[in-house]
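Take a look at the structure below.

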Amino acid sequence: MRRPRIRSLTASATLAVLVLTGCSTGGGDDGTPRNGVGPTIAAQEFMRLKTAPDKNGMTLLEGPAFDEDGGLIVVDVPAPAGKPKVMRVDIEQKTSHSLFTDDRGAYTSAQFSPYDGRLYLTDFAHGEIVSLAPGGTDRRTFFTGPVDGAGMQPDDIAFDQAGNLYISDSRGLSDGAAIGRVVRIDRSGKNATVLADGLAAPNGISFDPDYRGLWISELIENRISYLHLGEKGGTGPRHTAIRVDGGIAQTDSIAVDAAGNLYQAMHGRAAMFVYSPSGERLATVELPDGADGLESATNVAITPGATTAYLTVSGPAGGYLYTFEALAEGIRQSNGG
C-alpha cells in the first residue's frame, strides 16, 4: 500500500492511494503453488461484505478480529463518511451490520485490548489511535501527536499481555525511505517510545506465542524482520528473518497461530504465505480459479481455539471474506492487527 506522506495530502487524497491494483495469481492444476514451495490451501468464498465500487471508488477490507461473543470485526479502510467503517459479521447467520462510522477516519486495523476490552483502531489518515466500546459506541482518541518529533502513520497494532500497544509506523511508504518505526505506547496512552527505526515501511506486526519478540513485515523490502524483546518493554537485536518472494505483490499484515506459524498476507495478490518460525515456507493459501477482480489479501483471523480462518480479500469485484483451515489453532496473535 504505497501511501504518500500524510502531511502533504488531504485525508481524501490519502484514501486514493491506500489501494493498489495487483495481479491475482492462482495455483497450478495439480494443487501446488507455481513456485513449488509447500502445498496449496484452497480458500473458499464465505461472504461478500462490500459490493464492487463505482469507477471512482475503492475497496480495501482489513483488520478481522473476533469479539468475545464470536462476532468478526472488519474495517473498511476507504469507506466514506456515513458508510460502515467498522462492521460486525455474524458468522453463523452470514450477515453483517455497521458497528461504527464517522466523517474523518481511515482505519487500517482493529484489535481488542486484553486490558480494558475496548476495540482499538489505527487511523492512518490522521496518525491517531482511537478506541471504541465493544458495541461501537464511546469513541475516544487514545493517542495522537508526534513521537520523537515525527508524526506517525500507524498501520497495524499488537498488544502485549499487559495491554500495552505496539504499532507499525509506516513512515517512508510514499518515497521508499527506510524511516519506518515500531512504536510502543503504554496502556495509559501517555508514554510513547520508539523501539525500532530504519524500517522499510513496516506493515504487519505480531508477537510470537511466548511474547519474546515481534514479527514485523516491511512492505517496501518484502521481508519479515524479528525484533527481540527484553524485560519491561525494552528491546534486543533485530534481524531479517524471512525474505518473501512476492513478485509484484508486497508484504501486508501478519498473524501467528498457536504453533508459532506466520501467516503473511500479500497486497497485490489474493494469497497468503504460511511460514514456520524457522522461516520454512509451509503452504500458500490461494483463492480458487475464477475468483476474478480480487487482487489483495490483507489479513486473517483464526478462530480462537479452532482452526477455521477468515481472510479479508479485496479488489475491483468488491470486498469479501474467504475461509480456510489453518495449520494450528487461533490465539490472540491470530486475531486482529
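The model is a predicted one. Of its 337 residues, 58% count as buried.

The secondary structure comes next. The protein has one helix and 25 strands. Contacts reach along the chain: among those between residues at least 6 apart in sequence, 50% join residues at least 24 apart.

Now turn to the charged side chains. Side chains of opposite charge can pair when their charged atoms come close. The structure holds 13 salt bridges. A few of them can be followed step by step.

Begin at K85. K85 forms a salt bridge with D102, and the closest N and O atoms are 3.2 Å apart. This pair links distant parts of the chain, 17 residues apart. K85 sits in the loop between β4 (72-76) and β5 (86-90), while D102 sits in the loop between β6 (95-100) and β7 (107-112). Are these two residues buried or exposed? K85 has a relative accessibility of 3%, so it counts as buried. D102 is buried as well, because its relative accessible area is 13%, under the 20% cut-off.

D102 has another partner. D102 forms a salt bridge with R139, with the closest N and O atoms 3.9 Å apart. R139 lies in the loop between β9 (128-132) and β10 (140-143), and D102 in the loop between β6 and β7, so the pair ties together parts that are 37 residues apart in sequence. R139 has a relative accessible area of 31%, so it is partly exposed.

R139 leads on to E128. Between E128 and R139 there is a salt bridge, and here the closest N and O atoms are 3.7 Å apart. This pair, too, links distant parts of the chain: E128 is in strand β9, R139 is in the loop between β9 and β10, and the two are 11 residues apart. How accessible is E128? Its relative accessibility is 10%, so E128 counts as buried.

Step back and the pairs connect. Salt bridges that share partners join K85, D102, R104, D123, E128 and R139 into one network. D102 pairs with K85 and with R139, and R139 also pairs with E128.

Definitions and conventions: Residues are numbered from 1 along each chain as its sequence is written. This is a predicted model: local features need pLDDT of at least 70, side-chain atom pairs count only at pLDDT 80 or more; totals for chains, interfaces and linings use all residues. Side-chain values use heavy atoms; hydrogens and water are left out. A salt bridge is a side-chain nitrogen of Lys or Arg within 4 Å of a carboxyl oxygen of Asp or Glu. Helices (H or I, at least four residues) and strands (E, at least two) are DSSP runs, numbered from the N terminus. Buried means under 20% relative accessible area, exposed over 50%, partly exposed in between (1.4 Å probe, protein chains only). Contact means heavy atoms within 4.5 Å.
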